[in-house]
Amino acid sequence: MKIIKAKDYEDMSRKAANIISAQVILKPDCVLGLATGSTPIGAYKQLAAWYEKGDVDFAEVSTYNLDEYRGLSHDDPQSYHYFMRENFFDHINIDLNNTHVPDGSNPDAAAACSEYDKIVAAAGYPDLQLLGIGNNGHIGFNEPDDHFSKGTHCVDLTESTIQANSRLFDSIDDVPRQAYTMGTQTIMYARMILVVANGEAKAQAVYDMCYGPVTPACPASILQLHTNCVVVADEAALSLCE
Ligand code: F6R
């Protein structure tokens with residue numbers, strides 16, 4: 001695991017965007033695994049700004065997102081389909097047909113998940129997978145458990161995740177209780193993994209991910225076994241790591 005310390009959120013975002021744009025420049029038709037949440041928004045903004053300047057071109061890129069809430073339509077403003085368009089895809093020249101997010105609107109969880117596994121496998125898995133990390137060490141929506149997950153599956157969100165994500169909803173009761181998420185094994189198939197983290201609330205999870213035992217109790221800890229994993233985190237998120 002390579003750890004890159006950033007001064008603050010802005011610096012973290014620029015450093016992460018640099019790594020993603022290097023991937024796109026080196027392989028214009030690369031496959032990117034993408035994440036939602038607050039953490040990557042700054043990196044998406046930076047990439048969009050570099051696209052505007054003509055420094056990076058997404059015309060041939062394809063993307064596969066980690067997860068989606070179960071039961072939300074693609075146009076629901078709380079859905080990750082919507083989030084990705086609003087925060088990234090609508091600001092770059094990506095072909096929307098080449099962007100993929102698990103189909104939360106399909107109530108048939110088994111069908112939605114196995115369909116997603118098929119298309120991620122057919123794409124050859126991501127060249128670069130961008131990840132945020134939950135306060136409880138989750139990656140994607142792979143919550144702490146007694147085993148690591150494999151392919152895309154339906155999960156019950158933990159109270160801690162429902163609580164953390166409620167900041168984006170009118171009320172905690174509106175937070176969906178289930179999501180479809182890429183599995184840990186699928187995440188590990190990516191040829192490079194880039195984790196972004198900022199803020200003190202992530203400090204324990206970042207410490208456990210980098211230096212704790214490899215255990216499904218902290219799903220991100222498995223990234224210690226990936227041969228090409230880079231963590232870009234600000235000083236506050238790395239505060240327990242010195
Ligand atoms: C989002 C995702 C989650 C988030 C994590 C951190 O697609 O898979 O694992 O990365 O919950 O979220 P933020 O960045 O909002 O703190």
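## Packing of H1 and H2

H1 spans residues 9-26 and H2 spans residues 41-53; they pack at an angle of about 55°, with axes 8 Å apart. Their crossing is right-handed.

The contact (heavy atoms within 4.5 Å) involves Tyr9, Ser13, Arg14, Ala16, Ala17, Asn18, Ile20 and Ser21 of H1, together with Ile41, Gly42, Ala43, Gln46, Leu47 and Trp50 of H2. Eight of these residues are nonpolar, five polar and one charged.

## Basis of the model

The model is predicted, with local features requiring pLDDT of at least 70 and side-chain atom pairs pLDDT 80 or more, while totals for chains, interfaces and linings use all residues. Residues are numbered from 1 along each chain, and side-chain values use heavy atoms, without hydrogens and water.

## Ligand surroundings

The ligand is surrounded by 14 residues, each with a heavy atom within 4 Å of it. The closest are Thr39, Asp67, His138, Gly140 and Lys202.

Polar contacts (pairs of N or O atoms within 3.5 Å) reach oxygen atoms of the ligand: a polar side-chain atom of histidine 138 at 2.7 Å, a backbone N or O atom of glycine 140 at 2.7 Å, and a polar backbone atom of serine 38 at 2.8 Å.

Key:
Axes are lines fitted to C-alpha atoms, for helices over the stretch in contact, and angles run from 0 to 180 degrees between N-to-C directions. Helices (H or I, at least four residues) and strands (E, at least two) are DSSP runs, numbered from the N terminus. A crossing is left-handed if the near helix is turned anticlockwise from the far one by less than a right angle, and right-handed if clockwise. Ala, Val, Leu, Ile, Met, Phe, Trp, Tyr, Cys and Pro count as nonpolar, Asp, Glu, Lys and Arg as charged, and the others, Gly among them, as polar. A polar contact is a pair of N or O atoms within 3.5 Å; within protein, one must be able to donate a hydrogen and the other to accept it, and residues adjacent in sequence count only if both atoms are side-chain atoms.
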